[in-house]
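Open the model in your viewer and keep the selection panel at hand. The stops below say what to select next and what is there.

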Amino acid sequence: MEVKSRAPGKIILAGEHAVVHGSTAVAAAIDLYTYVTLRLPLQSAENNDRLTLQLKDISLEFSWSLARLKEAIRYDSSTLCRSTPTSCSAETLKSIAVLVEEQNIPEAKIWLTSGISTFLWLYTSILGFNPATVVITSELPFGSGLGSSAAFCVALTAALLASSSSDKTHCDGWSSLDETNLELLNKWAFEGEKILHGKPSGIDNTVSAYGSMIKFCSGEITRLQSNMPLRMLITNTRVGRNTKALVSGVTERAARHRDAMNSVFNAVDSISKELAAIIQSKDETPVTEKEESIKELMEMNQGLLQSMGVSHTSIDTVIRTTVKHKLASKLTGAGGGGCVLTLLPTLVLGTVVDKVVEELEAIGFQCFTASIGGNGAQICF
Ligand SMILES: Nc1ncnc2c1ncn2[C@@H]1O[C@H](COP(=O)(O)OP(=O)(O)OP(=O)(O)O)[C@@H](O)[C@H]1O
Ligand SMILES: C[C@@](O)(CCO)CC(=O)[O-]
Ligand SMILES: [Mg+2]
């Protein structure tokens with residue numbers, strides 16, 4: 001039996017980090033996906049006593065015998081229930097860490113450790129100690145602010161849940177999940193993100209699972225219907241960083257300067273709400289005027305992210321380069337490097353965009369555009 005799944009990455013238009021502290025944020029799915037192929041072997045097949053994970057983009061394979069998994073992860077798989085997502089306990093995470101360590105991940109790829117731990121947790125929690133080969137590929141850059149960790153959790157969980165569901169109707173092409181399955185998928189993916197982000201808000205897994213564009217506040221989701229064109233240039237500074245460390249840095253700063261940081265988070269909340277209202281507004285305001293407002297909101301949000309301590313000199317370089325051409329930019333995702341968004345207003349000339357891209361790429365950054373607000377998680381049998 002084989003099932004495939006895919007889940008998109010995302011951009012955060014406003015509200016990253018503050019959303020972890022209860023503020024509103026606005027995010028949209030992008031058309032760059034993480035793909036999972038899950039193969040369950042026949043009883044009689046070779047390798048029916050192993051769990052194998054293949055990360056195709058980086059040509060790495062990890063494999064565990066089921067006996068070793070059962071010995072190390074000491075929970076009773078008969079008590080696990082795919083329909084009630086639970087958190088990975090510190091004790092289980094420790095046992096999983098031992099299993100990951102045994103795989104001798106190359107030092108240069110050590111950042112994969114948390115991803116592989118998350119894989120083992122989600123797999124054994126949903127499918128128990130059953131043999132399989134799981135193949136993963138991704139169009140998303142890892143650890144760059146485009147939600148690679150959430151897309152990984154959502155795509156993996158979608159394949160795991162689909163393979164264990166009674167409804168395996170063959171379909172041609174990708175099909176979306178129904179509301180009940182989406183909700184379950186999103187809850188499991190959130191548990192996976194907890195291993196990767198430490199204290200996630202849940203916005204990344206939610207927008208990856210549901211797709212489209214959402215306003216998100218303390219777990220409450222509002223799907224947004226955009227009533228204006230929204231084009232963003234995405235610049236990957238290629239500066240690596242880790243979301244978990246950045247999130248905990250902001251939490252520590254918030255503990256040191258409670259009142260000041262609460263004011264920052266409140267300001268971000270207002271920015272996100274205003275941004276969502278502009279995007280959805282059906283009034284007669286000309287698009288150019290709406291774009292001017294979004295531009296200003298992005299600049300303000302970037303200033304507040306700077307004051308949270310999550311910007312980076314590479315991000316400042318992108319901002320300086322784009323502002324010369326009267327374009328506004330802000331970091332997206334956790335910051336500290338990673339990706340930057342630049343609003344491309346409808347009237348901006350193609351020649352100006354080409355010039356900006358040329359300048360940014362000459363510095364060593366990578367620029368691309370992506371379609372915003374598309375599909376969420378999908379499966380294919
Ligand atoms: N396809 C994948 N295969 C294995 N691990 C992955 C994959 N995608 C992401 N990961 C794991 O997620 C980690 C990156 O997550 P992180 O949250 O730091 O960045 P991000 O999700 O890309 O950015 P942001 O959280 O800011 O949107 C990687 O170091 C890796 O452990
Ligand atoms: C930085 C953060 O706000 C967004 C990362 O894409 C973390 C989170 O919400 O989990
Ligand atoms: Mg992430």
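Start with the lining of the largest pocket: strand E1 (2-14), strand E3 (50-55), helix H3 (113-127), strand E5 (132-138), H4, H5, helix H6 (203-210) and helix H7 (243-256) each supply at least two of its residues. Helices here are DSSP runs of H or I with at least four residues, strands are runs of E with at least two, and both are numbered from the N terminus. This is a predicted model, in which local features need pLDDT of at least 70 and side-chain atom pairs pLDDT 80 or more, while totals for chains, interfaces and linings use all residues. Residues are numbered from 1 along each chain as its sequence is written, chains are lettered from A and ligands numbered from 1 in the order in which they are written, and side-chain values use heavy atoms, leaving out hydrogens and water.

**The largest pocket**

The volume of the largest pocket is about 760 Å³. Select Gly 143, Ser 148, Ser 149, Leu 196 and Thr 243, which are the closest to its centre of the 44 lining residues. A pocket is an open set of points on a 1 Å grid over the protein atoms alone, where a 1.4 Å probe fits, with protein on both sides within 12 Å along at least five of seven lines; lining residues have an atom within 4 Å of a point. Colour the lining by class to see 18 nonpolar, 19 polar and seven charged residues. Colour by domain instead, and at least three lining residues come from each of domain 1 (2-223 + 374-380) and domain 2 (229-369); these bounds come from an automatic or database domain assignment.

**The magnesium ion**

Next select ligand 3. Which residues coordinate the magnesium ion? They are Ser 149, through OG, and His 197, through NE2, at 2.1 to 2.2 Å. Ser 149 lies in helix H4 (residues 148-163) and His 197 in helix H5 (residues 179-197), so the pair ties together parts 48 residues apart in sequence. Donors are N, O and S atoms within 2.8 Å of the metal (3.2 Å for Na, K and Ca), and sites may look incomplete because water is not among the atoms. Ser 149 and His 197 are both buried, a term for under 20% relative accessible area, with exposed over 50% and partly exposed in between (1.4 Å probe, protein chains only).

**The second largest pocket**

Move to Ser 165, Asp 167, Asn 181, Ile 379 and Phe 381, which lie nearest the centre of the second largest pocket among its 15 lining residues. Its volume is about 270 Å³. H4 gives the largest share of this lining, three residues.

**Aromatic pairs**

The whole structure holds six aromatic pairs, meaning rings of Phe, Tyr and Trp (its six-membered ring) with centres within 6.5 Å; planes under 30 degrees apart count as stacked, over 60 as edge-to-face and the rest as tilted. Select Trp 64 and Phe 119: the ring centres are 6.3 Å apart and the planes at 25 degrees, so the pair is stacked. Trp 64 is in strand E4 (residues 60-65) and Phe 119 in helix H3, 55 residues apart. Both are buried.

Then take Trp 111 and Phe 142, a tilted pair with ring centres 5.2 Å apart and planes at 45 degrees. Trp 111 counts as partly exposed at 43% relative accessibility, and so does Phe 142 at 38%. End at Tyr 33, Tyr 35 and Trp 174, which ring pairs link into a cluster.

Note on methods:
Grid points are joined across faces, edges and corners, and a volume is the space filled by probe spheres set on the points. Ala, Val, Leu, Ile, Met, Phe, Trp, Tyr, Cys and Pro count as nonpolar, Asp, Glu, Lys and Arg as charged, and the others, Gly among them, as polar.
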